[in-house]
Amino acid sequence: RWLTDVGVGYQLTEDSKVSFNGHNIFNIYPNKWKDLDGIGFGTNGILPYSKYSPFGYSGAYYSLDFTVEF
């Protein structure tokens, strides 16, 4: 599977910068465990994904950062 991260920044002044970042922007999830179907998964902390996956199972997330240098 391929994950895509994107970041865009803008230098406001010589000492400050704002940036918008997207992580896993296509909302990719790891493969589910085989033969695990049912209503119980996804509740009570039981997830149908391995904790050993090379990437997380939280889906996409975004951030807005503001940086000031002194």
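A nonpolar patch joins nonpolar side chains (Val, Leu, Ile, Met, Phe, Trp, Tyr) within 5 Å, taking residues with over 30% relative accessible area and no salt bridge (a side-chain nitrogen of Lys or Arg within 4 Å of a carboxyl oxygen of Asp or Glu). Accessible areas come from the Shrake-Rupley method with a 1.4 Å probe, and for residues only the protein chains shown count as cover.

Welcome to the tour! This is a predicted model, where local features need pLDDT of at least 70, side-chain atom pairs count only at pLDDT 80 or more, and totals for chains, interfaces and linings use all residues. Residues are numbered from 1 along each chain as its sequence is written, and side-chain values use heavy atoms, leaving out hydrogens and water.

**Whole chain.** Show the cartoon: you will find three strands and zero helices (DSSP runs, numbered from the N terminus: strands are E, at least two residues; helices are H or I, at least four).

**The patch.** Now select Tyr10, Leu12, Phe66, Val68 and Phe70, which form a nonpolar patch on the surface with about 660 Å² of accessible area together.

**Leu12.** Zoom in on Leu12, in the loop between strand 1 (6–11) and strand 2. Leu12 is partly exposed because its relative accessibility is 42%, between the limits for buried (under 20%) and exposed (over 50%).

**Ser16.** Next, pick Ser16 in strand 2 (residues 16–23). Ser16 is buried, because its relative accessible area is 9%. Leaving aside residues up to four places away in sequence, Ser16 touches Gln11, Phe66, Thr67 and Val68 (contact means heavy atoms within 4.5 Å).

Notes:
Buried < 20%, exposed > 50% of the residue type's maximum accessible area, 1.4 Å probe, protein only. Patch = residues over 30% accessible without salt bridge, like charges linked within 9 Å, V, L, I, M, F, W, Y side chains within 5 Å.
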